[in-house]
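Please keep the sequence and the model in view while reading.

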Amino acid sequence: MSTAEVLRRLRLFLLVLSSLLFMGTLVELWLVNHTEDAIQWLAFILAGLGLLATLSVLFRRGRKIVLVLRGCMLVVVLGSLFGIYEHVSNNIAFEREIHPNATFSQLAWKGLGGANPLLAPGTLAVAGLLALAATYKYSVSGDLEKT
């Protein structure tokens, strides 16, 4: 098997895996009713954006589409970091209500392991980074199979 074929298969695998993570995130968000606040809808938007971008590259390859995917994935990763911040800060606020005399270190520790899972928004970042990795050293010719 040639190096080009190995690279093509690896790119395809990374894009499909990223798409599946975005789809799974959408399903999970819906199942856990992640719709109580307007800010919670941001996760749906980011996962949907990521899914559309990865599917676009899978079905229509071209330099412009890959550049759009990269931009979308940067937005998804930044949004994921914001989601992690939101989860931790909500956990800390909840712990502060329950234990008003807790120290900062106690609150910080509880914030990392509270009801809002720390790594749930991180799934979006992983999916975005996988999609970015799939386009590493993408050729200017727009052919996803070439390096």
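Predicted model: local features only at pLDDT ≥ 70, side-chain atom pairs only at ≥ 80, totals over all residues.

Residues are numbered from 1 along each chain as its sequence is written, and side-chain values use heavy atoms, with hydrogens and water left out.

**Helix 2 and helix 3**

Helices are DSSP runs (H or I, at least four residues), numbered from the N terminus. The axes of helix 2 (residues 41-59) and helix 3 (residues 63-98) cross at roughly 155° and come within 9 Å; axes are lines fitted to C-alpha atoms over the stretch in contact, and angles run from 0 to 180 degrees between N-to-C directions. Helix 2 is therefore roughly antiparallel to helix 3, a term for angles over 145 degrees. The crossing of the two helices is left-handed, that is, the near helix is turned anticlockwise from the far one by less than a right angle.

**The nonpolar core**

The largest nonpolar core has 20 residues, and Leu-15, Phe-22, Leu-69, Met-73 and Leu-124 have the most contacts inside it. Such a core is a set of buried Ala, Val, Leu, Ile, Met, Phe, Trp, Tyr and Cys residues joined through side-chain atoms within 4.5 Å. Two or more residues come from each of helix 1 (3-31), helix 2, helix 3 and helix 5 (122-134), and helix 2 gives the most, with six. Beyond its neighbours within four places in sequence, Leu-124 is in contact with Phe-22, Thr-25, Ala-43, Leu-46, Ala-47, Val-76 and Ser-80.

Buried means under 20% relative accessible area, exposed over 50%, and partly exposed in between (1.4 Å probe, protein chains only).

| Residue | Relative accessibility | Class |
|---|---|---|
| Gln-40 | 18% | buried |
| Asn-33 | 45% | partly exposed |
| Arg-96 | 47% | partly exposed |

Gln-40 is found in the loop between helix 1 and helix 2, and Asn-33 is found in the loop between helix 1 and helix 2. Not counting residues up to four places away in sequence, Gln-40 touches Asn-33, His-34 and Thr-35. Asn-33 has a positive phi of about 55° although it is not a glycine. Arg-96 lies in helix 3.

Methods
Parallel < 35°, antiparallel > 145°, perpendicular 65-115°, else oblique. Contact = heavy atoms within 4.5 Å.
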